[in-house]
Number of protein chains: 2
Amino acid sequence: MHVTGHTTSGGSAGLSQSPQRAASIRDVAQAAGVSYQTVSRVINGHPNVKQETRERVEAAVQALGFRRNATAFALASGVTRSVTVLTTNTVLYGYAATLQGLEEAARSAGYALGVRVMTPEDDLDRTIAAAADTGGGLVVIGYDRLGAAALDRVPAHVPCAALVEAPPPGRTPHRPAVWADDRQAARTATEHLLALGHENVHYVAIPASTGSRRSAAPRAEGWRQALKAADVTPPAPCGTGWDAQAGYEAGKKLAKSPDVTAILCGNDDLALGVLRALHHAGRRVPEDVSVIGFDDAPHSGFITPSLTTVRMDFHGLGRAAFGLLRAQLDTDQPAPALVPAEPTLVCRESSGPRAT
Amino acid sequence: MHVTGHTTSGGSAGLSQSPQRAASIRDVAQAAGVSYQTVSRVINGHPNVKQETRERVEAAVQALGFRRNATAFALASGVTRSVTVLTTNTVLYGYAATLQGLEEAARSAGYALGVRVMTPEDDLDRTIAAAADTGGGLVVIGYDRLGAAALDRVPAHVPCAALVEAPPPGRTPHRPAVWADDRQAARTATEHLLALGHENVHYVAIPASTGSRRSAAPRAEGWRQALKAADVTPPAPCGTGWDAQAGYEAGKKLAKSPDVTAILCGNDDLALGVLRALHHAGRRVPEDVSVIGFDDAPHSGFITPSLTTVRMDFHGLGRAAFGLLRAQLDTDQPAPALVPAEPTLVCRESSGPRAT
DNA sequence: CTGAAAGCGCTTACAG
DNA sequence: CTGAAAGCGCTTACAG
């Protein structure tokens, strides 16, 4: 095995690599024959600089490959264009898509994005403090219990925006937050199943983001409301979890009862597991049982039967949450007021009329 | 709607919120009646401090809720415990799982993790420089062409580790890098299909990470090698892409030919699309056609038919990559030498003996 | 064991 | 329009 010679940098060809440490503002000043304050003015686009001076400085910047030290800038100016996302997960579709939206928004605004996953073992206060110390602001993904708890503990003086499951019932969130109308979406999905002739709709739940009994999870609540409005007694939600395995367990139980002809799931992964369990039990979808998911994960349109589900604009929610944070960090920035798309029911193969 | 009063901070109850700005090292010094250098010693665990002094300082730290300013520390010490991940994607399973491993490793080592998504429109050199300016090191996910290109442009003086598709053939990578033996894994999967009696195996490719003809993508190459070893002429790989839609397109074409009885796919999303296309074409899996994927995404075991695939330890690869970077950043740290698990073939329902 | 000095690389007033 | 000063909050030698 041998190593062929190769150039390492894609920078200006022919120029020798700058020595050890990067060029500083003073190096540029010396090269341009000005004071380093003038260099500061130029690189910050300050207006009061003579055109010729500006050009000399810019030439020196080019020649030395100068890049302003971000750390020093942050310390001196107190401005940190950065966001840290506090989340409990980065892989589940809803979280990953939200994160993607956040990253995109941060990037196009010129902000650096940090990610910190929280676990139940964490000392939340310490975690939050450490993230806040980084300088910029915080975005908390509060879709689950731990995330919601973290949001509650963010000190008042820390710039922070949140993504939540729904507006805390009975009170406004004490932080700028975005959410989708999951309640309405679940209602729509449930009504759809009822309209197809199903006499009842069962629900496989995702874990609630709050421990309090008073504030039901919005998806579960929407489902319940739709049933009640149709004078149907809501059955007990079946199981809870985030992944296909949890859905499979719940599905196994539901498959045993011939009365079950329609199942709404808290997310698409659960639905996938339910589908699998129904298949194993020999119950056909949608002929015997209709299944609807939530979120519209990328694969949901390609499984067989393709999954009827509620499309959520996590991407847009992520972007909006960043906008909320930015408005706090950079007050003279026009807040773009991004409005995420409303959840929409996407009808595919897994739902159909009740067998007669 | 009304807002009920609530305490915002989870900090020490009863203590009034600290004024505007956070306590500095000097505030602590004053409170403890020592110089601020002594405070520095205490918070850095320097040994030469009298026990009693140390306790006084620690008490003051507690009382004032002092937290060392990370920016100032970074500037003064030149040490930044942070990593920035350069990637083209955060949502596709392979990327997301790698990122998860990286985040976990970084977190448990006390490093902050940044994420920067690269797009084809980016000025790569500028992007890399900006990421490097942050202070810490870089981890480049080089699974695809853009990622691999970025890796090539990282300046020599920037601490950097990479995840690559495979060791650049014919030369060692000029950066510490980790990879899995995709070539061997593809060979194994292909041999498995041949052993099941299939006379040929078709391949639906993921995009190559390199443009050069000489260095074939490892998964494609392993597939090709296995066929050649069995004296089978490899058919032209069919289509290319990352997602189920791309797989669907490729699958539509393959479904038309009755000769096609076995298909290896570059990842599970492609396989899902292929499965869907076969279903639409009325070809049964595995009775008529066997399908094998790559990666073992979370849903692959729950679709019907469940997917035979190659399990990849992206998580372990991510952890290992972080270890490689850390060894550069923190030289007196014992490198833990994490070894990711080898890829393994997971046999499920989508593959079976050739129909006779 | 502890304090006084200089400096990390930049910015923000203050002078001219 | 440009330069000299002070400071962001911390660390690293240097003295004692």
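Leaving aside neighbours within four places in sequence, which residues is Gly136(B) in contact with? Thr80(B) and Ser82(B), where contact means heavy atoms within 4.5 Å. Let me stay with that glycine for a moment.

Before that, some housekeeping. This is a predicted model, where local features need pLDDT of at least 70, side-chain atom pairs count only at pLDDT 80 or more, and totals for chains, interfaces and linings use all residues. Residues are numbered from 1 along each chain as its sequence is written, chains are lettered from A and ligands numbered from 1 in the order in which they are written, and side-chain values use heavy atoms, with hydrogens and water left out.

Okay, back to Gly136(B). You'll find Gly136(B) in the loop between α6 and β3 (137-142) of chain B. Helices here are DSSP runs of H or I with at least four residues, strands are runs of E with at least two, and both are numbered from the N terminus. Gly136(B) is buried, at 6% relative accessibility. For that scale, buried is under 20% relative accessible area, exposed is over 50%, and partly exposed is in between, using a 1.4 Å probe and protein chains only. The C-alpha atom of Gly136(B) is 9.3 Å from the one of Cys160(B), and the two residues are 24 apart along the chain.

Now, the interface. Chain B puts 58 residues in contact with 58 residues of chain A. The area buried between them is about 5,000 Å², and carbon and sulfur atoms give 57% of that. Buried area, by the way, is the accessible area (1.4 Å probe) that two parts lose on being put together, summed over both. Between the chains there are also 15 residue pairs in polar contact, with both residues at pLDDT 80 or more. A polar contact is a pair of N or O atoms within 3.5 Å; within protein, one must be able to donate a hydrogen and the other to accept it, and residues adjacent in sequence count only if both atoms are side-chain atoms.

So what does the side of chain B that touches chain A look like by class? It has 21 nonpolar, 24 polar and 13 charged residues. Here Ala, Val, Leu, Ile, Met, Phe, Trp, Tyr, Cys and Pro count as nonpolar, Asp, Glu, Lys and Arg as charged, and the others, Gly among them, as polar.

Next up, salt bridges. The rule is a side-chain nitrogen of Lys or Arg within 4 Å of a carboxyl oxygen of Asp or Glu. One to look at joins Arg276(B) to Glu349(A), with the closest N and O atoms 2.6 Å apart. That pair crosses between chains, from helix α11 of chain B to the segment after β10 (344-346) of chain A. Arg276(B) is buried at 6%, while Glu349(A) is partly exposed at 32%. There's also a salt bridge between Glu349(B) and Arg276(A), at 2.6 Å, N to O.

Within chain A, Arg311(A) and Asp296(A) meet in a salt bridge at 2.7 Å, N to O. Arg311(A) is partly exposed at 41%, and Asp296(A) is buried at 10%. Then we have a network of salt bridges linking Asp182(A), Arg219(A) and Asp295(A).

Most residues other than glycine have a negative phi, and most peptide bonds are trans. Thr304(A) and Pro305(A) are joined by a cis peptide bond, omega about -5 degrees, and Pro305(A) is in the loop between β8 (290-292) and β9 (309-311) of chain A. Thr304(B) and Pro305(B) are joined by a cis bond too, with omega about -5 degrees. Asp231(A) has a positive phi, near 60 degrees, and is exposed at 74%. Asp295(B) has a positive phi near 115 degrees, but is buried at 8%.

Last stop, the core. The largest nonpolar core has 139 residues, and Val291(A) and Val291(B) have the most contacts inside it. Such a core is a set of buried Ala, Val, Leu, Ile, Met, Phe, Trp, Tyr and Cys residues joined through side-chain atoms within 4.5 Å. Not counting residues up to four places away in sequence, Val291(A) touches, among others, Ile263(A), Leu275(A) and Ser350(A).
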